[in-house]
Amino acid sequence: MKKQLFRLAAFTSLSLFAWSCNQSDPAPKGDYVQGVFVVNEGNFSQNNGAISFFTREQTTAQVDIFSAANGTALKGGAQGYAASGETGIILVDNMSAGQDKVEIVNSNTFKTIASIGAPDIENPREVVFGINNKAYVSCWGSNADQKFTTGYVAVIDLTTNKITKRVDIASGGPENLVYNNGKLFVGTVSYGGGKTLSIINTSTNAIDKTLLFENAPNPIGIDADEKLWVNDGIKVVKINPDSYNAEATLSIGSDATKMADKFTFSSDRRTVFFVLTYFDAAGEHGATYKFGVSDAQVNVTTPLIKRVFTGLAVDPTQGLLYAGVTPSYAQAGYAVRYRADGSVVDSIKVNVAPTGFFFK
Amino acid sequence: MAQRDSVRLEPVLIKGFVPERFMSGLKIQKVDSTTLNLFRFQNISDVLSLYTPIAFKNYGPGQLNTASFRGTSANHTAVLWNGLNINSPILGQTDFSTIPVAGFDQLSVQYGSAASIVGTDAVGGSILLGSAPSSQPLQFSIGRQQESFNNHQTQLTARYASAINDQWSFSGKTNVYDGRMNNDFPYAERNQYTVLPSTSFQRGLVQDLFFNSKNDHQISAHVWLTRNRLTLTPEDKAGRELTSTEAYRTMLRYNFKDFTFRTSWVRDIIDYAKGDYSQLDHAVTDKFSNRIERDFQFNAFQIKAGGEWAHYRAQVAGYDEASVTENRGDLFLLTRWQATNRTIVSVNLRQAFVTKFDPPFTPSLGAEYFLAQKERYSLKLRGSIGRSYRVPTLNERFWKEMGNPEIRPETGWNKEIGLEQNIVSNLNHTFSASVTAYHNRIKDWTYWNPGKSYHVENLQQVLARGIEVQTGWYHNVNHWKSGSNIGYTFNKSSQEKAYDAYSSDIIGKQLVFVPVHSGNLNAFIQYKTTRLTGQAQAISKRFSTFDNSQFLEGYMLTNLLAEHTFAWDKIKMRLQGQINNLANTFYLNVRNNAMPGRSFALSLILIYDSPQTVK
């Protein structure tokens with residue numbers, strides 16, 4: 001009885017607290033105000049990508065919140081999702097030419113606000129938000145010949161929900177984007193042949209500088225010391241984002257046939273997690289590893305988790321590592337949660353091919 | 001032209017193309033010529049989905065369309081043209097969007113596995129296409145159909161028959177068809193789902209020649225050339241996708257009394273390109289095949305013994321080797337025993353031989369027993385048990401990295417039991433009804449395993465079981481004819497075997513794109529040469545993921561057709577109007593794109609018959 005009273009009291013005070021918060025700063029309304037968004041790529045030939053959602057306390061997901069909110073599916077593979085304030089942007093990649101788009105939604109309700117389709121958006125890959133109501137979407141363009149020469153970064157003006165500029169990234173297929181302090185770092189896809197990291201000045205939305213790498217550069221992010229990390233084949237390079245000088249280069253083992261990807265920062269941005277894979281006749285193998293931003297080398301002898309994943313991200317709020325598992329492209333995948341030491345917390349069934357996470 | 005109820009179950013009278021008289025115990029459905037005529041300008045999948053429980057996995061109008069027969073996969077339906085399996089050797093299946101009804105004269109559908117008779121691929125069932133000799137001395141026909149969305153088809157057919165000399169006579173058919181689906185839809189979306197722009201152009205030539213002699217020699221030659229050109233998003237020059245499918249099918253057949261020899265050559269060409277059509281992904285397969293068989297009769301026993309030998313040669317862009325070859329052989333012994341005047345028993349045996357493979361020995365046992373056999377009423381019990389197999393496709397073995405030269409043939413056991421009854425009433429009513437239950441377990445089901453970089457493996461095991469009910473009614477009095485048939489199928493098809501940590505999410509779940517319930521209804525009423533036909537098909541929801549977490553909603557489609565034939569002295573003219581998807585039903589295809597709504601078609605066929613000349 002005492003316990004119950006205590007619970008009741010606690011609940012009441014919590015509610016009061018919530019209510020008072022509500023009074024001072026009106027809480028945003030919607031079913032998806034706070035929680036984890038999972039980008040499920042779907043099966044390319046079925047155009048069945050979706051965004052799943054769960055709150056951090058939940059262990060079951062709402063598997064397709066765009067459909068739930070809008071009564072119609074995304075109708076393509078989901079390539080990415082990011083949100084800033086009340087605006088969310090979903091990248092939709094349909095298997096057929098001319099059907100790709102970005103869906104601009106209210107990030108709290110997931111109701112669609114606007115949609116930008118072809119020819120403005122073709123084969124979208126990643127989205128980041130900049131400042132001054134701008135968002136950036138890397139696109140491969142039509143890329144019909146698979147030579148990755150038609151890529152560009154589309155600049156979306158979020159006041160009009162229109163593309164205001166296309167910055168051509170002529171070689172290699174633009175892929176990962178990192179925005180920092182007026183600069184957009186644009187990497188290229190690993191199999192596109194491009195080896196330059198393009199840096200777009202977001203006040204002019206023009207390429208300011210290109211940096212040449214040995215392999216396709218993949219910008220990871222900005223660490224706690226405000227340094228840019230770029231993955232280059234089986235190396236990672238720490239770069240000063242102002243002078244562009246390389247300050248450290250770490251090797252990820254010595255086997256160049258292996259592939260390192262799914263890089264993600266810990267919540268304190270002092271550790272980097274990644275997946276290292278290789279293929280042989282029996283299929284894909286590999287594991288998940290980590291290194292510190294001040295480490296002198298990357299330890300690839302002791303994996304953090306002896307598994308490979310199709311997506312990896314850290315929740316900045318709780319610090320848990322979220323890993324996407326795709327058993328096949330024709331069944332629901334899972335989001336598996338791990339602690340920073342690699343011990344598993346739980347796993348949540350999501351939708352087909354979870355490849356990305358967004359935390360709010 | 002036989003005016004028959006289209007679900008009447010009876011042996012087909014194509015002499016010798018497919019030995020159907022040894023299929024006792026199995027269910028065979030002949031689609032009659034009147035029904036085929038309704039679909040003369042359409043594809044075979046349109047007939048089959050309205051008259052049989054075969055489920056189609058369709059990528060869009062005029063696009064890839066594969067069959068699931070009795071809950072099996074697209075690789076488990078044998079398609080036979082004059083007895084020859086014409087499934088693509090590299091894919092092991094047929095794209096039914098490339099088979100127009102204009103390409104053949106006779107169609108029957110054999111349910112369940114008949115591998116001991118048909119050979120590989122006949123796991124869920126077989127579709128038998130046949131050519132028929134002409135009975136007219138000379139007939140020309142020209143037909144044109146004009147449809148909504150700027151789609152149209154034109155056909156020219158000549159049928160001829162004549163005596164050559166005292167001994168020999170010949171008959172034949174020459175047919176050319178040209179279909180153009182421009183798909184100029186007046187809408188880009190339906191219910192917010194894209195209706196994907198696409199065009200499908202189809203062309204073909206059919207040539208059949210039959211030579212018969214009075215002393216029992218028969219020679220026939222058959223040629224069927226088809227070409228299909230599908231373009232997705234044709235307006236988008238950079239992103240358009242071309243799939244061109246060509247087939248050259250030729251056959252020569254010689255029959256003398258109880259002895260038959262057949263030789264054939266089939267070439268399949270598939271080209272694919274995206275954007276720039278100057279660089280095509282090119283795949284060519286040749287199949288040279290010979291078959292020899294002989295019939296024996298000992299009192300109540302009929303026996304057919306024979307063998308087949310085939311040589312395959314494939315040049316496929318995705319293979320390691322520039323050219324792969326393979327030899328396959330088959331020996332078979334088919335028997336039919338009229339045990340009593342109410343009982344027929346068939347025991348059939350087949351052993352296939354494939355280069356570097358060991359296909360299983362394939363026996364089957366079928367029996368039919370007439371519980372009642374009266375002039376106006378018959379009730380037949382039939383049952384069959386048979387082994388089936390599927391020789392892996394060339395892609396499954398030779399595709400770069402993902403193919404598996406060690407893959408085993410899939411094998412299964414099909415068991416079925418059924419009842420068929422026919423009632424003829426005094427008032428010119430004919431009723432037929434059949435019910436069939438089947439159980440088909442297929443082992444070593446191949447799976448392109450995503451856990452092993454899509455390496456193909458014999459991982460799964462599938463159990464397909466279900467019940468089919470078909471009823472027919474036909475009435476004929478004075479100038480009036482009417483009839484209807486109704487079919488309902490319950491099919492549960494599920495994966496049974498665990499092969500990785502996540503396959504528990506799949507076990508026991510319905511296979512993708514196989515509806516649990518499906519049904520169809522066809523009804524017509526005819527006065528003299530004016531006929532009104534209604535068609536409906538309904539299918540329950542179809543799961544689109546192995547774990548049944550996603551699905552496409554069920555739907556029902558209805559069509560209405562009206563035709564009138566004007567007849568003059570030597571000329572007949574058939575005018576047919578058609579409304580497809582009458583209720584403007586919204587439904588989705590496999591790509592998650594919307595299918596078109598209501599559409600209209602008008603066709604006109606002019607037929608010239610030369611007067612009967614008696615020599």
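Reader: Over how many bridges do strand β13 and β14(A) of chain A pair, and in which sense?

Author: General idea: two strands pair if DSSP finds at least two bridges between them, and strands here are DSSP runs (E, at least two residues; helices are H or I, at least four), numbered from the N terminus. In this case, β13 (residues 196–201) and β14(A) pair in the antiparallel sense over 6 bridges. One example is A:Ser198, whose bridge partner in β14(A) is A:Thr210. A word on the source: this is a predicted model, where local features need pLDDT of at least 70, side-chain atom pairs count only at pLDDT 80 or more, and totals for chains, interfaces and linings use all residues. Residues are numbered from 1 along each chain as its sequence is written, while chains are lettered from A and ligands numbered from 1 in the order in which they are written.

Reader: Which strands make up the open sheet in chain A, and in what order?

Author: The order is β11-β12-β13-β14, with antiparallel pairing. β11 (174–180) and β14 (206–212) stand at the edges with a single partner strand each, so one side of each has no neighbour in the sheet.

Reader: Now chain B: how many residues of helix α2 are buried?

Author: Buried means 20 or more other C-beta atoms within 10 Å of a residue's own (exposed is 12 or fewer, partly exposed in between; C-beta atoms are placed from the backbone). For α2(B), residues 44–51, that's 8 of the 8, so the helix is largely enclosed by the rest of the structure.

Reader: And how many residues of chain B are in contact with chain A?

Author: Contact means C-beta atoms, placed from the backbone, within 7 Å. Here 32 residues of chain B are in contact with 27 of chain A. B:Thr194 has contacts including A:Lys75 and A:Gln99.

Definitions and conventions:
Contact = placed C-beta atoms within 7 Å. Lists of a residue's contacts leave out its neighbours within four places in sequence.
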